[in-house]
Amino acid sequence: MALRELSALEARVLAVLVEKAFTVPDSYPMSLNSLTLGVNQKTARDPVMNASEADVASALDELKAMSLVNTVSGSRVVRFEHNMKRVLGVPGQAEALLTVLMLRGPQTAAELRLNAERIHKFADVSSVEGFLEELAAREPPMARKLPRAPGAREQRWAHLLSGEPEIPAGASGPAGPGTAYGAASTPSGPDPRDEEIAALRADVDQLKAAVARLQAELGMTP
């Protein structure tokens, strides 16, 4: 099904619904209040948002118009559930990857395997890459491999449900299928300081993800 590009908030609302359906099934479908809290969550989100309930309600209206979200009746509080997998026509593995990309921004295949494990456990990184390649080969494509960022060891992937992602300044190397990115790039040697900073950031991201998982498993509020 062909859809218009989602706004950043619409993508976040949709992804939160998918995430919470797996991570807190007892609270799913979600109320507007709990959904807004999930959208503005400080952990496992990039970028961090500060949306009001009115903003989230407006995004829900747009998503309902595209059949990506349904309203659930029979409760004193209006609740919402997603319909992403059926509308996009993707398997559960691809749904998990798109969800994590919408929640956390561009990531490497290894990061996606780690961050998606509460939605779907992938056997290895190659299986993640296989589903990403399938998303990239769709028409229109739903994911793209980005040029390698300065100092980065691996290329990251981004979802395309909100349009083309921004390419970091100085990015180089081949991009994913169907893109002109990197075709005319003239990479220069990486600055050792950039490599050190990128490695430190990757370590910090992994530590944050590990802490967030432990907090969730222990029922702690971040």
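Leu 9, Arg 12, Val 13, Val 16, Leu 17 and Lys 20 of helix 1 meet Leu 35, Gly 38 and Val 39 of helix 2. Here a contact means heavy atoms within 4.5 Å. By class, this contact has 6 nonpolar, 1 polar and 2 charged residues. Ala, Val, Leu, Ile, Met, Phe, Trp, Tyr, Cys and Pro count as nonpolar; Asp, Glu, Lys and Arg count as charged; the others, Gly among them, count as polar.

The model is predicted: local features need pLDDT of at least 70, side-chain atom pairs count only at pLDDT 80 or more, and totals for chains, interfaces and linings use all residues. Residues are numbered from 1 along each chain as its sequence is written, and side-chain values use heavy atoms, with hydrogens and water left out.

Now the overall layout. The protein has 8 helices and 5 strands. Helices (H or I, at least four residues) and strands (E, at least two) are DSSP runs, numbered from the N terminus. Along the sequence the pattern reads α-β-α-α-β-β-α-α-α-α-β-β-α. Of the 222 residues in the protein, 38% are buried. Buried means under 20% relative accessible area, exposed means over 50%, and partly exposed lies in between (1.4 Å probe, protein chains only). Take the contacts with a separation of 6 or more: residues 24 or more positions apart account for 53% of them.

Back to helix 1. How do helix 1 and helix 2 pack? Helix 1 covers residues 8-23 and helix 2 covers residues 32-39. The angle is about 105 degrees, and the axes are 9 Å apart. Axes are lines fitted to C-alpha atoms, for helices over the stretch in contact, and angles run from 0 to 180 degrees between N-to-C directions. The two helices are therefore roughly perpendicular to each other. The classes are these: under 35 degrees is roughly parallel, over 145 is roughly antiparallel, 65 to 115 is roughly perpendicular, and the rest is oblique.

Helix 1 also packs on helix 3 (residues 53-65), where the axes come within 9 Å and cross at roughly 85 degrees. That makes helix 1 roughly perpendicular to helix 3. Helix 1 brings Leu 9, Glu 10, Val 13, Leu 14 and Leu 17 to this contact. Helix 3 brings Asp 55, Val 56, Ala 59, Leu 60, Glu 62 and Leu 63. These residues divide into 8 nonpolar, no polar and 3 charged. Leu 9, Val 13 and Leu 17 are listed in the contact with helix 2 and in the contact with helix 3.

Next, the charged pairs. How many salt bridges are there? The count comes to 6. A salt bridge is a side-chain nitrogen of Lys or Arg within 4 Å of a carboxyl oxygen of Asp or Glu. One of them joins Glu 10 to Arg 4, with the closest N and O atoms 2.9 Å apart. Glu 10 is buried, at 6% relative accessible area. Arg 4 is partly exposed, at 38%.

Another salt bridge pairs Lys 20 with Glu 19 at 3.8 Å, N to O. Lys 20 is buried at 14%, and Glu 19 is buried at 12%.

A further pair is Arg 144 and Glu 164, whose side chains meet at 2.7 Å, N to O. Arg 144 lies in strand 4 (residues 143-145), and Glu 164 lies in the loop between strand 5 (157-159) and helix 8 (192-217), so the pair ties together parts that are 20 residues apart in sequence. Arg 144 is buried at 4%. Glu 164 is partly exposed at 48%. Elsewhere, salt bridges that share partners join Arg 4, Glu 10 and Glu 62 into one network.

Strand 4 also holds Ala 143. Is Ala 143 buried or exposed? Ala 143 counts as buried, at 0% relative accessibility. Leaving out residues up to four places away in sequence, Ala 143 touches Leu 132, Leu 135, Ala 136, Trp 157, Ala 158, His 159 and Leu 160. The C-alpha atoms of Ala 143 and Leu 132 are 6.7 Å apart, and the two residues are 11 residues apart along the chain.

Finally, helix 6 (residues 109-115) contains Asn 115. Asn 115 counts as buried, at 19% relative accessibility. Beyond its neighbours within four places in sequence, Asn 115 is in contact with Val 100, Arg 104, Gln 107 and Ala 209.
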